[in-house]
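Okay, thanks everyone, let's get going.

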Amino acid sequence: NVQGDYFEFGCHRARTFRIALVEARRQNLEDMRFLAFDSFQGMPAPNPEASITGLGGGALCTTTEEFSRLIQAQGVYADKVETIKGYFQDSLTPALSERLRDEGRRIAVVTVDCDTFESYVPVLSFLEPFLQTGSVVYLRNLFVGHRGDPNHTPAAAFRDFRESSSFQFNEMVNAGFLGSAFVAAPKRSRKNAAI
(Lines give C-alpha, C1' and ligand atoms only; values in the text may rest on other atoms or scores of the structure.)
Protein backbone atom coordinates (compact mmCIF):
# COMPACT_ATOMS: atom_id res chain seq x y z
CA ASN A 1 0.00 0.00 0.00
CA VAL A 2 2.82 2.42 -0.79
CA GLN A 3 1.53 5.09 -3.16
CA GLY A 4 4.09 6.45 -5.58
CA ASP A 5 6.03 5.97 -8.75
CA TYR A 6 8.59 3.68 -10.34
CA PHE A 7 12.06 5.11 -10.94
CA GLU A 8 14.75 3.18 -12.83
CA PHE A 9 18.36 4.24 -13.31
CA GLY A 10 20.09 2.28 -16.05
CA CYS A 11 17.48 0.94 -18.47
CA HIS A 12 19.38 -1.15 -21.04
CA ARG A 13 16.94 -3.06 -23.27
CA ALA A 14 14.09 -2.04 -20.91
CA ARG A 15 14.07 -5.56 -19.44
CA THR A 16 13.45 -4.66 -15.81
CA PHE A 17 11.39 -1.66 -16.84
CA ARG A 18 8.96 -3.81 -18.82
CA ILE A 19 8.58 -6.19 -15.88
CA ALA A 20 7.69 -3.19 -13.69
CA LEU A 21 5.05 -2.04 -16.17
CA VAL A 22 3.44 -5.49 -16.35
CA GLU A 23 3.42 -5.90 -12.57
CA ALA A 24 1.94 -2.42 -12.08
CA ARG A 25 -0.87 -3.31 -14.47
CA ARG A 26 -1.41 -6.60 -12.65
CA GLN A 27 -1.76 -4.65 -9.40
CA ASN A 28 -4.03 -2.02 -11.04
CA LEU A 29 -1.68 0.83 -10.15
CA GLU A 30 -3.41 3.32 -12.42
CA ASP A 31 -1.87 6.40 -10.76
CA MET A 32 1.74 5.19 -10.94
CA ARG A 33 4.15 7.02 -13.25
CA PHE A 34 7.32 5.41 -14.63
CA LEU A 35 10.56 7.37 -14.94
CA ALA A 36 13.44 5.96 -17.00
CA PHE A 37 16.81 7.59 -16.28
CA ASP A 38 19.63 6.61 -18.64
CA SER A 39 22.26 8.15 -20.88
CA PHE A 40 20.60 6.32 -23.78
CA GLN A 41 24.06 6.33 -25.35
CA GLY A 42 25.70 3.57 -23.35
CA MET A 43 28.21 3.51 -20.52
CA PRO A 44 30.61 6.40 -19.98
CA ALA A 45 34.30 5.80 -20.50
CA PRO A 46 35.37 3.40 -17.76
CA ASN A 47 37.71 4.10 -14.89
CA PRO A 48 40.80 2.07 -15.92
CA GLU A 49 41.28 0.95 -12.30
CA ALA A 50 37.77 -0.52 -12.06
CA SER A 51 38.71 -3.95 -13.50
CA ILE A 52 35.41 -4.13 -15.39
CA THR A 53 35.92 -5.92 -18.68
CA GLY A 54 33.59 -5.53 -21.63
CA LEU A 55 31.98 -2.32 -20.34
CA GLY A 56 33.89 0.33 -22.27
CA GLY A 57 32.47 3.67 -23.32
CA GLY A 58 29.23 3.14 -25.24
CA ALA A 59 28.64 -0.40 -23.96
CA LEU A 60 25.07 -1.38 -23.02
CA CYS A 61 23.60 1.26 -25.31
CA THR A 62 19.87 1.39 -25.85
CA THR A 63 18.86 4.58 -27.63
CA THR A 64 15.83 6.59 -26.58
CA GLU A 65 14.10 5.51 -29.79
CA GLU A 66 14.82 1.82 -29.17
CA PHE A 67 13.70 2.10 -25.55
CA SER A 68 10.43 3.75 -26.62
CA ARG A 69 9.87 1.07 -29.29
CA LEU A 70 10.30 -1.68 -26.68
CA ILE A 71 7.88 0.04 -24.29
CA GLN A 72 5.29 0.62 -27.03
CA ALA A 73 5.58 -3.02 -28.13
CA GLN A 74 4.93 -4.13 -24.54
CA GLY A 75 1.60 -2.32 -24.73
CA VAL A 76 1.29 -1.63 -21.01
CA TYR A 77 1.13 1.91 -19.53
CA ALA A 78 3.29 3.31 -22.33
CA ASP A 79 1.56 6.68 -21.91
CA LYS A 80 2.76 6.85 -18.28
CA VAL A 81 6.49 6.57 -19.12
CA GLU A 82 8.90 9.51 -19.07
CA THR A 83 12.53 9.27 -20.17
CA ILE A 84 15.24 11.46 -18.65
CA LYS A 85 18.31 11.36 -20.88
CA GLY A 86 21.92 12.00 -19.91
CA TYR A 87 24.79 10.77 -17.84
CA PHE A 88 23.69 10.96 -14.22
CA GLN A 89 26.24 13.53 -13.09
CA ASP A 90 24.80 15.87 -15.76
CA SER A 91 21.10 14.99 -15.90
CA LEU A 92 20.21 14.68 -12.20
CA THR A 93 20.08 18.40 -11.59
CA PRO A 94 18.47 20.42 -8.79
CA ALA A 95 16.02 21.79 -11.39
CA LEU A 96 14.92 18.26 -12.34
CA SER A 97 14.54 17.33 -8.68
CA GLU A 98 12.43 20.43 -8.05
CA ARG A 99 10.20 19.74 -11.07
CA LEU A 100 9.56 16.14 -10.04
CA ARG A 101 8.84 17.16 -6.45
CA ASP A 102 6.46 19.87 -7.67
CA GLU A 103 4.65 17.15 -9.65
CA GLY A 104 4.26 15.16 -6.43
CA ARG A 105 6.58 12.32 -7.47
CA ARG A 106 7.42 9.86 -4.67
CA ILE A 107 9.20 6.53 -4.94
CA ALA A 108 7.18 3.38 -4.46
CA VAL A 109 9.88 1.26 -6.14
CA VAL A 110 13.28 2.22 -7.53
CA THR A 111 15.75 0.06 -9.45
CA VAL A 112 19.36 1.24 -9.60
CA ASP A 113 21.36 -0.67 -12.22
CA CYS A 114 24.22 1.57 -13.21
CA ASP A 115 27.22 -0.68 -12.47
CA THR A 116 29.88 1.76 -11.21
CA PHE A 117 30.67 3.69 -8.06
CA GLU A 118 30.89 6.89 -10.12
CA SER A 119 27.34 6.43 -11.42
CA TYR A 120 25.84 5.27 -8.14
CA VAL A 121 26.92 8.37 -6.18
CA PRO A 122 24.79 10.99 -8.02
CA VAL A 123 21.85 8.57 -8.29
CA LEU A 124 21.68 7.83 -4.57
CA SER A 125 22.02 11.50 -3.71
CA PHE A 126 19.18 12.34 -6.11
CA LEU A 127 16.85 9.75 -4.55
CA GLU A 128 16.76 11.15 -1.02
CA PRO A 129 13.90 13.68 -1.40
CA PHE A 130 11.70 11.13 -3.20
CA LEU A 131 11.96 8.36 -0.63
CA GLN A 132 9.12 7.63 1.80
CA THR A 133 8.29 5.02 4.37
CA GLY A 134 7.95 1.74 2.51
CA SER A 135 9.87 2.70 -0.63
CA VAL A 136 11.46 -0.43 -2.10
CA VAL A 137 15.04 0.21 -3.22
CA TYR A 138 16.49 -2.48 -5.49
CA LEU A 139 20.23 -2.12 -6.07
CA ARG A 140 21.87 -4.25 -8.75
CA ASN A 141 25.53 -5.10 -9.24
CA LEU A 142 26.69 -3.78 -5.86
CA PHE A 143 30.01 -5.61 -6.12
CA VAL A 144 30.88 -5.02 -9.79
CA GLY A 145 34.45 -3.97 -10.55
CA HIS A 146 37.56 -3.65 -8.43
CA ARG A 147 37.46 -7.45 -7.96
CA GLY A 148 34.49 -6.97 -5.63
CA ASP A 149 36.38 -4.74 -3.17
CA PRO A 150 33.49 -3.18 -1.18
CA ASN A 151 35.53 0.02 -0.70
CA HIS A 152 35.44 0.88 -4.42
CA THR A 153 32.32 -0.73 -5.87
CA PRO A 154 28.72 0.54 -5.88
CA ALA A 155 28.46 -1.05 -2.42
CA ALA A 156 30.77 1.69 -1.14
CA ALA A 157 28.50 4.37 -2.59
CA PHE A 158 25.51 2.76 -0.89
CA ARG A 159 27.38 2.47 2.43
CA ASP A 160 28.21 6.18 2.35
CA PHE A 161 24.64 7.07 1.37
CA ARG A 162 23.18 4.98 4.21
CA GLU A 163 25.29 6.88 6.72
CA SER A 164 24.19 10.31 5.51
CA SER A 165 20.57 9.53 4.60
CA SER A 166 17.65 10.38 6.85
CA PHE A 167 16.34 6.88 6.04
CA GLN A 168 17.37 3.46 7.20
CA PHE A 169 17.37 0.61 4.69
CA ASN A 170 16.31 -2.83 5.85
CA GLU A 171 17.21 -5.67 3.52
CA MET A 172 14.19 -7.65 2.36
CA VAL A 173 15.66 -9.74 -0.48
CA ASN A 174 19.26 -10.68 -1.22
CA ALA A 175 19.79 -11.78 -4.81
CA GLY A 176 23.47 -12.55 -4.32
CA PHE A 177 25.73 -11.12 -7.01
CA LEU A 178 22.73 -9.55 -8.74
CA GLY A 179 22.00 -7.24 -5.81
CA SER A 180 19.64 -6.66 -2.94
CA ALA A 181 16.29 -5.04 -2.27
CA PHE A 182 15.71 -2.85 0.77
CA VAL A 183 12.71 -1.17 2.39
CA ALA A 184 13.18 2.46 3.44
CA ALA A 185 11.97 3.86 6.75
CA PRO A 186 12.89 7.08 8.58
CA LYS A 187 15.78 6.74 10.98
CA ARG A 188 14.78 6.94 14.60
CA SER A 189 16.44 9.59 16.68
CA ARG A 190 18.43 8.44 19.70
CA LYS A 191 15.88 10.18 21.88
CA ASN A 192 13.08 7.95 20.51
CA ALA A 193 15.13 4.78 20.04
CA ALA A 194 14.19 3.36 23.43
CA ILE A 195 10.44 3.95 23.02
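This is a predicted model: local features need pLDDT of at least 70, side-chain atom pairs count only at pLDDT 80 or more; totals for chains, interfaces and linings use all residues.

Where does asparagine 141 sit? You'll find it in the loop between strand E5 (136-140) and helix H6 (154-164). Its relative accessibility is 9%, so asparagine 141 counts as buried. One of those partners, aspartate 113, also gives us a polar contact, side chain to side chain, at 3.0 Å.

Okay, next up is lysine 80, in the loop between helix H2 (64-74) and strand E3 (81-85). Lysine 80 is buried, yet there's no salt bridge. Which side chain of opposite charge is nearest to lysine 80? That would be glutamate 30, 4.7 Å away. What the lysine 80 side chain does reach is the backbone oxygen of glutamate 30, at 2.7 Å. Skipping neighbours within four places in sequence, the contacts of lysine 80 are Glu30, Met32, Arg33 and Phe34.

Last one: leucine 35, which belongs to strand E2 (residues 34-38). Buried or exposed? Leucine 35 has a relative accessible area of 2%, so it's buried. If you leave out neighbours within four places in sequence, leucine 35 is in contact with Asp5, Tyr6, Phe7, Glu8, Phe17, Glu82, Ile84, Leu100 and Arg105. Take glutamate 8 from that list: it is 27 residues from leucine 35 along the chain, and their C-alpha atoms are separated by 6.3 Å.

That's me done, over to you.

Conventions:
Residues are numbered from 1 along each chain as its sequence is written. Side-chain values use heavy atoms; hydrogens and water are left out. Helices (H or I, at least four residues) and strands (E, at least two) are DSSP runs, numbered from the N terminus. Buried means under 20% relative accessible area, exposed over 50%, partly exposed in between (1.4 Å probe, protein chains only). Contact means heavy atoms within 4.5 Å. A polar contact is a pair of N or O atoms within 3.5 Å; within protein, one must be able to donate a hydrogen and the other to accept it, and residues adjacent in sequence count only if both atoms are side-chain atoms. Lys and Arg count as positive and Asp and Glu as negative; His and the chain ends are not counted. A salt bridge is a side-chain nitrogen of Lys or Arg within 4 Å of a carboxyl oxygen of Asp or Glu.
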